[in-house]
Every structure is written in C-alpha cells, then in structure tokens.
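Q: Hey, I'm new to this one. Can you walk me through the structure?

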Amino acid sequence: MNINRHMRLFSSLLLGCLICTSVWSQRDGTAGLFVQAGQASTPNPLTTVPTPTSSGPAACIHINNIDSLDGLDDPDNVVLDFFIGAGNELTGLSWDINIATAGVSWLSDATIQFSSSDGSADPNAFNLAPGFGQNMPGAMDFSSNGIVPFASIPMNNVVVNADGILRLQFFESFDDVSDVPDAIWNEAANSSVCPGIFLQCSDQISCGWVVDLAPPPPIPSLSSWGIWVLLLLLLSAGLISLTGWRDQRG
Ligand SMILES: [Ca+2]
Ligand SMILES: [Ca+2]
C-alpha cells in the first residue's frame with residue numbers, strides 16, 4: 001500500500017518536472033534581444049550612436065499603458081500603424097521604456113514586432129525584447145542608451161510598402177494567461193534619447209513628422225503667393241494714384 005502511494009507520488013513529481021522542463025524550453029526557444037527571420041541576436045555590448053543633431057522633428061513613439069497581451073499574431077494584441085512615407089526604411093531605433101509584468105509572467109516575455117503592413121509575413125520583420133535575460137516577474141526600466149543602427153547587429157532594415165505603413169505589434173513570446181495582459185508597457189522615468197521609442201529612418205524628416213503627428217511647416221501655395229502679389233500690386237497702384245492726385249492738387 002505504502003509502496004503504491006510512493007510510486008504514485010514519484011510519478012506525479014516526474015510528470016511535473018517534464019511539464020516544467022517543456023515550459024522552460026518553450027520560453028527560451030528563440031529568445032534574443034533582436035530576432036529576425038528566426039535568427040536571434042543579442043549583441044553585447046550594443047553599438048549605439050548618439051541622438052542625431054539633424055534638423056527636423058524627433059521621431060519618437062510615445063508608449064503609454066500599452067498591454068502586452070498574448071502570443072504573436074493573436075487577434076487580441078495591440079497593433080499600431082504609423083505612416084512614415086512610401087518606401088521609407090527603418091534603419092535603427094532606441095528604446096527608453098518600462099515593462100511591468102502581471103502574475104508570474106517574465107519581463108523577458110514582453111516583445112514588439114516591427115514590420116511593414118505585411119506583419120509577420122514581412123521577411124524583414126523583427127522582434128525586440130528589451131527585457132531579454134530578465135527571466136522573472138517585476139517592473140523595470142530598460143534603455144538602449146543610444147540609437148542602435150541595424151547595420152551594427154547586423155540586421156536588415158524594415159522597408160515599408162507603397163502604403164507607407166510601419167507596423168508595431170505588442171506581444172508575449174510566452175503567453176502565460178490567454179486573453180489577459182501579461183504585462184504593460186510604459187515610458188521609462190528617464191530617457192537617453194527620448195521617452196518611448198525613437199525611429200531612425202532613411203528619410204528621417206518624413207519619419208519624424210508622421211510619428212509626432214505634427215503637421216509640417218506651412219509652405220505658401222502658388223495661389224497664396226498670387227494673392228500676396230495681387231495685394232502688393234493693388235497697394236502700389238493705390239500709392240501711385242494718391243501721389244498723382246496730390247501732385248494735381250499741388
Ligand atoms: Ca496573455
Ligand atoms: Ca508572459
């Protein structure tokens with residue numbers, strides 16, 4: 001009787017360990033700071049460049065209370081589209097973000113996929129897991145401490161389609177609880193480049209305007225110029241007439 005009970009307990013423990021090992025291996029299957037085309041890469045140290053001093057708006061994506069829900073391409077996931085201009089290329093980025101996990105989910109699970117409007121079908125789509133290596137629950141700020149050029153990893157640029165859309169999908173590399181947020185993304189308290197995510201693009205000006213959602217500076221149209229020229233002509237004509245009238249009276 002006692003032997004049977006011990007055998008049952010041993011079998012349960014063995015089964016538990018097998019399940020545990022299986023889960024562990026799933027979590028770390030393709031882990032990396034960057035993953036592109038199934039190839040994981042974690043450069044240490046990262047090669048970064050300082051914030052560009054070129055004119056134009058800062059191409060910062062603000063990250064505020066974004067849920068990290070389920071596995072890649074789950075329909076519940078948060079997907080954000082940014083119009084950065086047809087044919088524009090994402091060539092690098094920085095991150096200054098905070099990840100706060102829920103329950104037993106790990107900081108390393110929270111991941112962002114960057115792609116064209118083709119999503120996961122984009123051959124240049126890549127995944128970024130800023131909390132890589134932090135295999136534990138918690139809340140923590142993560143910073144790239146500068147802009148990471150993809151060429152330094154090396155990794156392909158993300159080339160957007162004719163629709164000009166750069167797509168970000170927030171997902172969990174390991175979904176602990178289905179249909180429930182495993183973590184929440186926010187901006188870091190302090191930032192090395194900008195709060196959230198900075199995008200470095202082949203056409204930086206176009207990238208910056210649309211990400212900031214700020215209108216470009218107004219450029220006078222031909223019709224506007226025409227109106228100003230017409231007003232100047234009328235003003236000139238008025239002054240000439242006034243001068244002539246005064247001359248006649250004098
Ligand atoms: Ca979930
Ligand atoms: Ca998780």
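Q: Okay, helix α2 to start. Which of its residues are buried?
A: In α2, which spans residues 204–212, the buried ones are Gln204, Ser206, Cys207, Gly208, Val210 and Val211. Buried here means 20 or more other C-beta atoms within 10 Å of the residue's own; 12 or fewer is exposed, in between is partly exposed, and the C-beta atoms are placed from the backbone. Helices (H or I, at least four residues) and strands (E, at least two) are DSSP runs, numbered from the N terminus.

Q: And what covers the buried residues of α2?
A: The cover includes β3 (60–61), β5 and β14 (196–201).

Q: Before I go on, is this experimental or predicted, and how are things numbered?
A: It's a predicted model, where local features need pLDDT of at least 70, side-chain atom pairs count only at pLDDT 80 or more, and totals for chains, interfaces and linings use all residues. Residues are numbered from 1 along each chain as its sequence is written, while chains are lettered from A and ligands numbered from 1 in the order in which they are written.

Q: What's the mean pLDDT of the chain?
A: The mean is 83, and 72% of the residues reach 70 or more. pLDDT is the predictor's confidence in each residue, from 0 to 100. A contact means two C-beta atoms, placed from the backbone, lying within 7 Å.

Q: How many helices and strands are in the chain?
A: The chain has 3 helices and 14 strands. It runs to 250 residues, and buried ones make up 32% of them. Of the contacts with a separation of 6 or more, 84% are between residues 24 or more positions apart.

Q: In what order do the strands of the open sheet go?
A: The order is β2-β1-β8-β7-β12-β5, so 6 strands with antiparallel pairing. Two strands pair if DSSP finds at least two bridges between them. At the edges sit β2 (39–41) and β5 (78–83), each pairing on one side only. On average, neighbouring strands of this sheet are turned by 20 degrees against each other, direction ignored. Those angles come from axes, which are lines fitted to C-alpha atoms (for helices over the stretch in contact), and run from 0 to 180 degrees between N-to-C directions.

Q: How many bridges join β7 to β8?
A: There are 3 bridges between β7 (residues 110–115) and β8 (residues 126–128), and the two strands run antiparallel. Gln113 stands opposite Asn127 in β8.

Q: Now Phe132. Where is it found?
A: Phe132 is in the loop between β8 and β9 (139–143).

Q: Why does Phe132 count as buried?
A: Because it has 20 C-beta neighbours inside 10 Å. Phe132 touches Ala31, Gly32, Leu33, Thr42 and Ser108, not counting residues up to four places away in sequence. Its C-alpha is 9.1 Å from that of Thr111, which is 21 residues apart from it along the chain.

Q: And Ile165, is that buried, partly exposed or exposed?
A: Partly exposed, because it has 18 C-beta neighbours inside 10 Å. Ile165 is in strand β12 (residues 165–172). Leaving aside neighbours within four places in sequence, Ile165 is in contact with Asp81, Phe83, Ser116, Ser117 and Val160.

Q: Switching to the largest nonpolar core. Which residues touch the most other members?
A: Of its 43 residues, those are Leu93, Phe114, Phe198 and Leu199. Strand β6 (residues 89–101) gives the largest share, 5 residues. A nonpolar core is a set of buried Ala, Val, Leu, Ile, Met, Phe, Trp, Tyr and Cys residues joined through C-beta atoms within 7 Å.

Q: Which peptide bond is cis at Pro45?
A: The one joining Asn44 and Pro45, with omega about 5 degrees. Pro45 is in the loop between β2 and β3. The bond from Ile153 to Pro154 is cis too, with omega near -10 degrees.

Q: Last one: what's the phi of Asn65?
A: Asn65 has a positive phi of about 55 degrees although it's not a glycine. Asn65 lies in the loop between β3 and β4 (66–68), and is exposed, with 9 other C-beta atoms within 10 Å.
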